[in-house]
Amino acid sequence: MRSAVKTDLYEILGVAETATQDEIRKAYRGLARKYHPDKTGGDTAAEELLKEINAAYGILKNEEKRGEYDRRRKAGGFDGFDFGAQGGDFADIFSSIFAGAQAGGRARSTARPGNDLEARVRVTLAEVVSGARKTLRINRAETCGDCSGSGAAPGTKAAACPECGGSGQIARGNSFFQMSQACGRCRGSGQAIASPCAKCTGSGRTPGQRELSVAIPAGANDGMRLRVAGEGEAGFQSGPRGDLYVRVELEDDPFFTRDGTNLVCDAPITFAEAALGAKVTVPTLDGVAKLTIEPGTQSGQQLRMRGLGLPTLGGGARGDEIVKVIVEVPRKLSAEQKRLLREFDGNYETAGHPVRDAFRALLLRLRGVKDGPPAD
């Protein structure tokens, strides 16, 4: 026969009263492994000890319950008592710390909030500039109209569960260490419905659909989540609705990529436009604009158009549009065009290619070549 139940929770876990939460957790895990039924072969005494270990850890891991236990312990409220022998009165004192009102059989509120929902909405870059409103249609659970969410048939009402007395919890264990679990008869609701509502079969909720308009703020970022309070599923037993979370997804744009509040656009131009300069038409989120290409503009050069990008979140100052110039080399040339290009290239010395000249000079120096350019 095992010895009397220990009265000190710190002694049960084998830790000092000054132990940290980490030390308490480590001690509990070690004891739980040691006295696990798989290790003890179903030994009854070991099972009872494991219940005490679990109960002790359940109190000491909770700062509020641990504080209450420490105050009563220091006041001499527990010291020297065998809880298994003291009877129900003292056990009730301690169970008020561990199990609270659940062990007392008092009815508790069964109201629970409904589930949160998530929806996705796609927006264009143009909509990001000024913000937008999007209409969403979502499927969600609604409060049953026939029973007003009670789950009981019209004209009837739910009663307190006779098994748990309306608490929704059943206390298991000895007179000192009690562990609470959901009542199997009412599944933790605390209520027994003799005549369930035919429409919702006693759940208090029915499938429904909701259409609503959601405001997308200017400057919205790809992947951001917007919370719409109270637009989730209906609660249980008159509990509050959950929330709806709307995730913003940015649609791909044929011209632009986003870089923070800036927009980047590739603009192809001809060799002649790059060499001689030109006015070219480029896209913007506000329509189109004329961009000046200075003579001698190089492929890959970036030109900035201020204030034509995206706003900061909430509609602040807009960023810039950055146009990356791409000089497109013609793929097909007529015989006359080829002749003119060869004639132009023959005047290489006077054409002005400083980058190419510097590159070839460095190449000649590194190769140790003294005369003449490298072979084409």
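Let's start with the aromatic side chains: the structure holds four aromatic pairs (rings of Phe, Tyr and Trp, its six-membered ring, with centres within 6.5 Å; planes under 30 degrees apart are stacked, over 60 edge-to-face, the rest tilted). In one of them, the rings of Y10 and Y69 have centres 6.1 Å apart and planes at 50 degrees, so this pair is tilted. Y10 belongs to helix 1 (residues 9-13) and Y69 to helix 5 (residues 63-74), so the pair ties together parts 59 residues apart in sequence. Y10 is buried at 2% relative accessible area, and Y69 is buried at 1% (buried means under 20%, exposed over 50%, partly exposed in between, with a 1.4 Å probe and protein chains only). F255 and F256 form an edge-to-face pair, 6.4 Å centre to centre with 65 degrees between the planes.

A word on the source: this is a predicted model, where local features need pLDDT of at least 70, side-chain atom pairs count only at pLDDT 80 or more, and totals for chains, interfaces and linings use all residues. Residues are numbered from 1 along each chain as its sequence is written, and side-chain values use heavy atoms, leaving out hydrogens and water.

Three strands form an open sheet in the order 1-9-8, with mixed pairing (strands pair if DSSP finds at least two bridges between them). Its edge strands are strand 1 (117-123) and strand 8 (225-228). Strand 1 runs parallel to strand 9 (residues 244-250), joined by seven bridges, and E118 stands opposite Y245 in strand 9.

Definitions and conventions: Helix = DSSP H or I, 4+ residues; strand = E, 2+ residues; numbered from the N terminus.
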